[in-house]
Amino acid sequence: MGRTKEERVHDVFESISKEYDRMNGIISFKQHNTWRKDTMKKMNVEKGTRALDICCGTADWAITLAEAVGEEGQVTGVDFSENMLTVGREKVRKNHVPNVTLKWGNAMELPFEDNHFDYVTIGFGLRNVPDYLQVLREMHRVVKPGGLAVCLETSQPTMPIFKQAYWFYFTYVMPLFGKIFAKSYAEYSWLQESSRHFPGKKELKQLFYEAGFTSVKYKSYSGGAVASHFATK
């Protein structure tokens, strides 16, 4: 009997946790920081608010959110990989960020009450879950009315030539980088598999509406290879 998507994803991130940050910089040519910085600028996070980062991994976005909400605010990060959380907790400790709490949790069934957060984010995590719509419904459930849910994720480039170059890189070059720099060919092959089957920008926008959000906008980055969706409850 084969493993489920959830089991496979869990094993991938348990395996690559120690090299995750370094590999993110390599495979994205360090553009992941630029995409997140611009997304945060558009979120215009207010001081003293409460934010949740789903699939928080090694806590980069959670720490950035903590700086934005300030000392009076609070950020919670959840992930289902204990190894990723271990790396994240050490990063939070070293950066002296007291208003971040990291805890184990499943994005499919968030351990929080309804209407609890002002902001809910998920960065490069949605494509890894078993049911995209279920996670978006959970994001809608825990964000306050008028609150903002944001997804930063790989997307489907449509520009001719660039599209072919993108998929050649994702299919053949990126797993090779994983093998060379992290000794993890199979794990980085998973990243291109999950990206290939992820919805395009318009399809993901429609899923946000199906989850109950009333306003959804998106912005593309790097020729459409990545996009941020901004959804208001």
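**View 1. Strands β1 and β4 side by side in the predicted model.** Strand β1 (residues 50-54) runs parallel to β4, and the two are joined over 4 bridges; strands and helices here are DSSP runs, with at least two residues (E) for a strand and at least four (H or I) for a helix, numbered from the N terminus. Strands count as paired when DSSP finds at least two bridges between them. Look for A51, whose bridge partner in β4 is Y119. Helix α4 packs on the sheet, touching β1, β2 (74-79), β3, β4 and β5, and its direction makes about 170° with that of β2. Touching, or contact, means heavy atoms within 4.5 Å. Axes are lines fitted to C-alpha atoms, for helices over the stretch in contact, with angles from 0 to 180 degrees between N-to-C directions. This is a predicted model, in which local features need pLDDT of at least 70 and side-chain atom pairs pLDDT 80 or more, while totals for chains, interfaces and linings use all residues. Residues are numbered from 1 along each chain as its sequence is written, and side-chain values use heavy atoms, without hydrogens and water.

**View 2. V75 and the largest nonpolar core.** Of the 45 residues in this core, M43, V45, L65, V75, V100 and L102 touch the most other members. A nonpolar core is a set of buried Ala, Val, Leu, Ile, Met, Phe, Trp, Tyr and Cys residues joined through side-chain atoms within 4.5 Å, where buried means under 20% relative accessible area (1.4 Å probe, protein chains only). Helix α4 (residues 60-69) gives the largest share, 7 residues. Leaving out residues up to four places away in sequence, V75 touches A51, A62, L65, A66, V69, N99, V100 and T101.

**View 3. Q156 and its polar contacts.** Here is Q156, in the loop between β5 (143-154) and α7 (162-182). Q156 is buried, with a relative accessible area of 18%. A polar atom of its side chain lies 2.6 Å from the backbone oxygen of F198, and one lies 3.5 Å from the backbone oxygen of R196. Polar contacts are N or O pairs within 3.5 Å; within protein, one atom must be able to donate a hydrogen and the other to accept it, and residues adjacent in sequence count only if both atoms are side-chain atoms. Beyond four places in sequence, the contacts of Q156 include W167, P199 and G224.

Technical notes: Buried < 20%, exposed > 50% of the residue type's maximum accessible area, 1.4 Å probe, protein only.
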